[in-house]
Amino acid sequence: MKSLLLSLLAALSVLALSACSESALSDPQKEQIVKQVEQLETAEYKLLHFQMDYPKYQAELDGIVSDSYRDVISDRIIFGYNEKEYRAADLMGMPKEEYEKHKEHMLRLIHSMGMDEEKAVIRVSEPYGSEGAGGVYVYVSESRELKERLLSQTNRRYSLDNASGSWTITNVDQDKVTIGSDERDDEAEAKLNGLEYQTHEGVKIVYRDKALAFDGWK
């Protein structure tokens with residue numbers, strides 16, 4: 001009985017810390033945190049769809065992400081073709097003329113595949129309290145469609161800390177599934193149900209009413 005009581009007290013303490021972290025935020029702070037996530041989501045989407053070059057993307061990250069986050073994403077692949085991959089480091093010092101040639105080639109390729117009419121809807125949650133010291137999570141749900149058919153679903157979990165006196169994004173975890181055109185409804189549903197980051201501490205994520213909408217490669 002004593003061990004059970006101690007376990008319950010420990011669990012209640014964790015919940016209290018989590019609730020305190022979230023409830024301690026003022027409404028302006030919550031709004032600022034959500035805006036930072038929306039700003040990064042927008043910049044990411046535009047970068048990967050050739051609507052924003054890399055210097056502009058880097059400028060969008062100023063003040064909203066940590067140095068450690070910048071280091072993590074510096075080596076990721078942005079695009080590739082003809083068996084060659086172009087990473088973030090390749091784009092940092094790339095002349096504008098060279099970037100525009102890559103952009104033109106990629107957009108032609110996307111058009112030839114009939115993917116240029118892709119649309120995306122991105123929903124963002126309010127901040128959720130974390131078990132960490134003052135950190136919070138923000139959850140994102142991204143749905144991509146082509147001619148009203150679901151192509152992919154991605155769930156992301158943003159980690160934000162306030163260690164330096166201002167909230168910054170320190171990490172992003174994600175889980176993604178793609179839905180093939182030949183998949184049955186039950187197969188697609190099973191994939192979607194298996195996605196991570198649909199709940200926070202066992203409770204279903206609630207997203208804000210206002211969503212971000214993008215028209216793919218246009």
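Which residues in α2 meet which residues in α3? In this predicted model, Gln39, Leu40, Ala43, Glu44 and Leu47 are the residues of α2 that meet Tyr54, Tyr57, Glu60 and Leu61 of α3. Sorted by class, the contact of α2 with α3 is made up of six nonpolar, one polar and two charged residues.

Two packed helices are described by the angle between their axes and the distance between the axes. Here helix α2, which covers residues 27-48, packs with helix α3, which covers residues 54-61, at an angle of about 170°, and their axes are 10 Å apart. Because an angle over 145 degrees counts as roughly antiparallel, α2 and α3 are described as roughly antiparallel to each other.

From the helices the reader can turn to the charged side chains. Side chains of opposite charge can pair when their charged atoms come close, and in this model the count comes to 18 salt bridges.

One of these salt bridges joins Arg70 and Asp62, whose closest N and O atoms are 2.6 Å apart. Arg70 has a relative accessibility of 21% and therefore counts as partly exposed, while Asp62, with a relative accessible area of 51%, is exposed.

Another salt bridge is found within a single helix: the side chains of Glu100 and Lys96 meet at 3.5 Å, N to O, and both residues lie in helix α6 (residues 96-112), where they are four residues apart, about one turn of the helix. Glu100 is partly exposed, with a relative accessible area of 31%, whereas Lys96, at 52% relative accessibility, counts as exposed.

A further pair is formed by Arg144 and Glu118, whose side chains meet in a salt bridge of 3.8 Å, N to O. Arg144 lies in strand β5 (residues 136-146) and Glu118 in the loop between α6 and β3, so the pair ties together parts that are 26 residues apart in sequence. Are these two residues buried or exposed? Arg144 has a relative accessible area of 16% and is buried, and Glu118, at 5% relative accessibility, also counts as buried, because the cut-off for a buried residue is under 20%.

Methods:
Residues are numbered from 1 along each chain as its sequence is written. This is a predicted model: local features need pLDDT of at least 70, side-chain atom pairs count only at pLDDT 80 or more; totals for chains, interfaces and linings use all residues. Side-chain values use heavy atoms; hydrogens and water are left out. A salt bridge is a side-chain nitrogen of Lys or Arg within 4 Å of a carboxyl oxygen of Asp or Glu. Buried means under 20% relative accessible area, exposed over 50%, partly exposed in between (1.4 Å probe, protein chains only). Helices (H or I, at least four residues) and strands (E, at least two) are DSSP runs, numbered from the N terminus. Axes are lines fitted to C-alpha atoms, for helices over the stretch in contact, and angles run from 0 to 180 degrees between N-to-C directions. Angles under 35 degrees count as roughly parallel, over 145 as roughly antiparallel, 65 to 115 as roughly perpendicular and the rest as oblique. Contact means heavy atoms within 4.5 Å. Ala, Val, Leu, Ile, Met, Phe, Trp, Tyr, Cys and Pro count as nonpolar, Asp, Glu, Lys and Arg as charged, and the others, Gly among them, as polar.
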